[in-house]
Amino acid sequence: MTRLITVTIAAVTAMWLAGCATMTIGSHVERGLNVSQYRTYDWGLPDALPVSDPRLDRDPFFQDHLRGAVEKAMATRGFAWSTDQPPDLLLHFHANITERIDVDRLEARYGYCVTEGCSVPTVRYEAGTLVLDVLDARTNRLLWRGWAQDTVKGMLNNQDTMARQIDEAVARMFAEFPKPL
Amino acid sequence: MPPFARMTVAVAAVLAVAGCATTNIRSYMERGSDVGSYRTYAWGPPAVQTTGDPRLDNNQFFQDRVQAAVELQLAARGFERNITAPDLLVRYYASVEQQVNADGADRPYVSCDDCRPFVFDAGTIVVDLIDARTKRLVWRGWEEGSIDGAIANQSWMEKRIDQAVARIIEQLPRRIGRVS
């Protein structure tokens with residue numbers, strides 16, 4: 001019985017740890033946005049902020065695959081890529097990698113403090129955040145921002161994993177993109 | 001996300017919200033400065049900087065909401081917006097960093113079976129009032145607290161901004177001339 005509990009606890013804590021590695025998606029949107037007034041888009045120039053982590057910045061595979069995935073998602077939603085005419089929408093993205101911490105559940109569960117003060121055991125991991133902005137090309141106003149966050153472990157040096165993560169990120173982000181009214 | 005993971009995330013969010021009781025609101029004032037002598041304001045040049053959370057960087061929805069909230073609160077205090085000849089320049093900063101709530105796990109000589117330490121996103125909004133003529137900082141107010149889950153939920157984020165800004169401006173000294 002005790003063993004079963006131990007196994008259960010181990011499984012639970014493992015899920016906790018895995019939990020921080022799950023991709024999370026989110027978005028912000030202009031209130032009352034009617035996307036059906038927009039037909040075409042193009043990639044915009046980067047803004048003043050640092051565009052991305054150098055490891056992704058210098059990775060043509062990442063850039064290409066991401067653009068491809070976004071262009072596909074835009075096409076599915078009926079937006080045409082306009083390169084000769086001024087577009088209705090401008091897109092740009094940021095890809096950051098930041099070090100984040102989480103409580104080490106496996107350590108913390110059995111931890112107790114026997115000295116004059118203890119610190120909480122933490123694990124550090126590298127979290128990637130992909131931000132996609134959709135702007136009104138005429139007003140330069142932000143209409144929609146979607147993002148995906150996930151650990152980048154095993155992604156930076158494996159193109160298959162990277163492609164899978166980009167595809168999942170873009171597909172799930174666009175699931176939150178407003179539908180035409 | 002499997003249902004269980006979703007549930008634990010929800011539990012973690014509830015804990016984090018409980019942890020946000022430790023909201024810090026403070027302000028500094030330049031010695032000898034009299035906020036009551038200022039009547040008008042304008043927005044100073046926005047600081048291009050990263051917030052520590054890529055979701056907030058250059059996020060117009062966030063920026064607009066903070067500006068609108070500050071304008072509302074300053075108007076409620078009788079300040080008027082004057083773009084051409086303001087007495088004050090207003091500027092704000094926002095930053096996010098992760099913090100650990102030990103939930104008792106760091107107490108000395110205590111077994112910690114029931115402790116649930118957790119990591120949460122702490123957000124800070126700083127509002128600066130600058131003398132438009134001398135460019136000296138006259139007053140700085142800020143709020144720091146847990147914003148865990150607030151960025152992911154746009155309406156919640158807007159509410160948190162409104163609350164934070166209201167509490168920050170609340171600390172602004174009342175006009176001396178007006179009370180007496």
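Visitor: Why is Lys135(B) called exposed?

Guide: Lys135(B) has 9 other C-beta atoms within 10 Å.

Visitor: What am I looking at, and how do the names work?

Guide: This is a predicted model: local features need pLDDT of at least 70 and side-chain atom pairs count only at pLDDT 80 or more, while totals for chains, interfaces and linings use all residues. Residues are numbered from 1 along each chain as its sequence is written, and chains are lettered from A and ligands numbered from 1 in the order in which they are written.

Visitor: Where is Lys135(B), and what is its phi?

Guide: Lys135(B) sits in the loop between E5 and strand E6 (137-146) of chain B. Its phi is near 65 degrees, a positive value in a residue other than glycine. Over in chain A, Asn140(A) also has a positive phi, about 65 degrees, although it is not a glycine. Asn140(A) is in the loop between E5 and E6 of chain A, and with 11 other C-beta atoms within 10 Å, Asn140(A) is exposed.

Visitor: What makes Gly104(B) partly exposed?

Guide: Gly104(B) has 13 other C-beta atoms within 10 Å, so the in-between label applies. You'll find Gly104(B) in the loop between strand E4 (88-101) and strand E5 (118-131) of chain B. Cys115(B) is 11 residues away from Gly104(B) in sequence, with 6.1 Å from C-alpha to C-alpha.

Visitor: How many helices and strands does chain A have?

Guide: Chain A comes to 5 helices and 6 strands, while chain B has 4 helices and 6 strands. These are DSSP runs numbered from the N terminus, with helices being H or I of at least four residues and strands being E of at least two. Buried residues make up 29% of the 181 residues in chain A and 32% of the 180 residues in chain B.

Visitor: How do you know that the length of H3(A) agrees with its residue count?

Guide: The expected span of a helix is 1.5 Å times one less than its number of residues. Helix H3 of chain A (residues 60-76) has 17 residues and should span 24 Å, and its end C-alpha atoms are 24 Å apart, so the two agree.

Visitor: Why are the buried residues of H3(A) said to line one face?

Guide: Those buried residues are Phe62(A), Leu66(A), Val70(A) and Met74(A). Seen down the axis of H3(A), they fall within an arc of 90 degrees, so they line one face of the helix. The arc is that of the directions from the helix axis to the C-beta atoms. Turned away from the buried side of H3(A) are the exposed Pro60(A), Phe61(A), Asp64(A), Ala75(A) and Thr76(A).

Visitor: What puts the buried residues of H5(A) on the same side?

Guide: The buried residues of H5(A) are Met162(A), Gln165(A), Ile166(A), Ala169(A), Val170(A) and Met173(A). They cover an arc of only 125 degrees around the axis, and so they share the same side of H5(A). The face turned away from the buried side of H5(A) carries the exposed Asp160(A) and Arg164(A).

Visitor: Why are H3(A) and H5(A) called roughly parallel?

Guide: Their axes come within 10 Å and cross at roughly 30 degrees. Axes are lines fitted to C-alpha atoms, for helices over the stretch in contact, and angles run from 0 to 180 degrees between N-to-C directions. Angles under 35 degrees count as roughly parallel, over 145 as roughly antiparallel, 65 to 115 as roughly perpendicular and the rest as oblique. H3(A) and H5(A) are therefore roughly parallel to each other.

Visitor: Which residues of H3(A) and H5(A) meet?

Guide: Two residues are in contact if their C-beta atoms, placed from the backbone, lie within 7 Å. Among those from H3(A) that meet H5(A) are Phe62(A), Leu66(A) and Val70(A), and the H5(A) residues there include Met162(A), Ile166(A) and Val170(A).

Visitor: What makes Arg172(A) partly exposed?

Guide: Arg172(A), found in helix H5 of chain A, has 15 other C-beta atoms within 10 Å, so it is partly exposed. Leaving out residues up to four places away in sequence, Arg172(A) touches Ile25(A) and Ala148(A).

How values were computed: Buried ≥ 20, exposed ≤ 12 C-beta atoms within 10 Å, placed from the backbone.
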